[in-house]
Amino acid sequence: MITTETDATHDPARRSWVESAEDPASDFPLQNLPLGRLRRPDEAWRLGVAIGDQALDLGAVAPLLGLADPELERALASGDGNALFALGRPALRALRAAVSALLERDDARLRDDAALRARALLPQAGLELGLPCAIGDYTDYYASVHHATNVGRLFRPDNPLLPNYKWIPIGYHGRASSIVPTGTPVVRPHGQTKADDQDAPTFGPCRLLDYEVEVGAFVGAGNALGAPIPLARAEDHLVGLVLVNDWSARDVQKWEYQPLGPFLAKSFATTISPWVVTLDALAPFRAPAFARDPGDPRPLPYLDDPDDQRAGAFDVAVECWLASARMRAEGVAPVRLSRGRLADMYWSFGQMLAHHASNGCNLRPGDLLASGTVSGPAKEHRGCLLELTVRGQEPITLPTGEVRRFLQDGDEVTLRGRCERPGLRSIGFGPCAGVVVGAPGA
Ligand code: CA
């Protein structure tokens, strides 16, 4: 079942004693409570929840939470994100309710315990925010029909969308080892490229470096090998969402992608935001599945479910901001390059997960499924430079007068995500940022 019902944890009138959580601009009010992993320098990883500009150490406050669930208490004490995610939705919902109560304005247990607060409530600015868990497998989809059409048109003007697109969620197996948390520098990759007017390829630094604005879903409870997950139960196997920047070397991609798809053009780095916004936090921000055109095929039965059609999408606005090195040096504010909407995706995360497991493939706690570039019908919705600049033909001029077709060394790309609806407390994802640094030896 898709959870759209709300409870006391979503109540917009609910306040926290953590002051910074009451800032309306904060991504992390009491209604959000995303999960992540954090540590102070030279300490072990701990599981935490973001609240305002602070992080709550879940292991330190576990005795106060009254969870009555030994497995959950063990997971919190261990600092092991995979162990926490493996417990599935009911345990995560119980944790959310308990943390919400602890941080609520009138709850004195932690609020009035200065010694415990000093250990358990830590400014995020002084912490290292890591990946939320060990990511065993990473799959990247291609779920935006607008992105697929825009990119397809660059290569096949008369036939932009391939015939399988509206039948099957297209994806590829990505590289989990190079997924990094926000703030990690991204080294411009070397690769093999071939210009159209050359007979042979050359090897050197990528010249057409791009970002891709995406959203990823973390797998919670897994499935046994050989046991598919029906779409109606797909969300029982998801924990929540993060922002994903699928850095892409377009010149490498162009030469290598046929016939087996992306490889080294994608595997050099993928940046994610460190806080997992849970499906329970997102319950009030669900949206109907993509509105198909009358001529579009109905999904095959294993990808068709009334609940998914009703509320399978997420209403998340995702933005991409750019600041060149010169802009930062001169104190010029970042510029917004795009603003898309996750609800514009052709396929839902439920459909992507059900499809992934439909052949019996086993998904494991902590696997990451990314959406593919989030693009919409208008130019301002385009979630990568390949689309925005039409492969460099329509360059972007920055406030400093600098021109961008693709990314230059020193460019900082920051993705932001936010859920906003009238009558609700807005929640966000925190930044997903990375600075491009020059290739070594280049
Ligand atoms: Ca991608």
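Domain bounds here come from an automatic or database domain assignment. For this protein that assignment gives domain 1 (8-129) and domain 2 (138-437). Their C-alpha centres lie 29 Å apart.

Some ground rules before the details. This is a predicted model, where local features need pLDDT of at least 70 and side-chain atom pairs count only at pLDDT 80 or more, while totals for chains, interfaces and linings use all residues. Residues are numbered from 1 along each chain as its sequence is written, and side-chain values use heavy atoms, with hydrogens and water left out.

Now the interface. Taking contact as heavy atoms within 4.5 Å, 31 residues of domain 1 touch 32 residues of domain 2. The buried area, meaning the accessible area (1.4 Å probe) that the two parts lose on being put together, summed over both, is about 2400 Å². Carbon and sulfur atoms give 58% of that area.

Aspartate 280 and arginine 93 pair in a salt bridge, at 3.0 Å from N to O.

Which elements give two or more residues to the side of domain 1 that touches domain 2? They are strand 1 (35-39), strand 2 (46-51), helix 3 (81-86) and helix 4 (89-103). Helices (H or I, at least four residues) and strands (E, at least two) are DSSP runs, numbered from the N terminus. Helix 4 gives the most, four residues.

Buried means under 20% relative accessible area, exposed over 50%, and partly exposed in between (1.4 Å probe, protein chains only). Helix 11 (residues 349-357) is mostly covered, with nine of its nine residues buried. Among them are Phe349, Met352, His355 and His356.

Methionine 327 lies in helix 10 (residues 325-329). Is methionine 327 buried or exposed? Its relative accessible area is 0%, so methionine 327 counts as buried. Setting aside neighbours within four places in sequence, the contacts of methionine 327 include Leu322, Val332, Pro334, Leu398 and Glu402. Leucine 398 is 71 residues away along the chain, yet the C-alpha atoms of methionine 327 and leucine 398 are separated by 8.6 Å.

How values were computed: A salt bridge is a side-chain nitrogen of Lys or Arg within 4 Å of a carboxyl oxygen of Asp or Glu.
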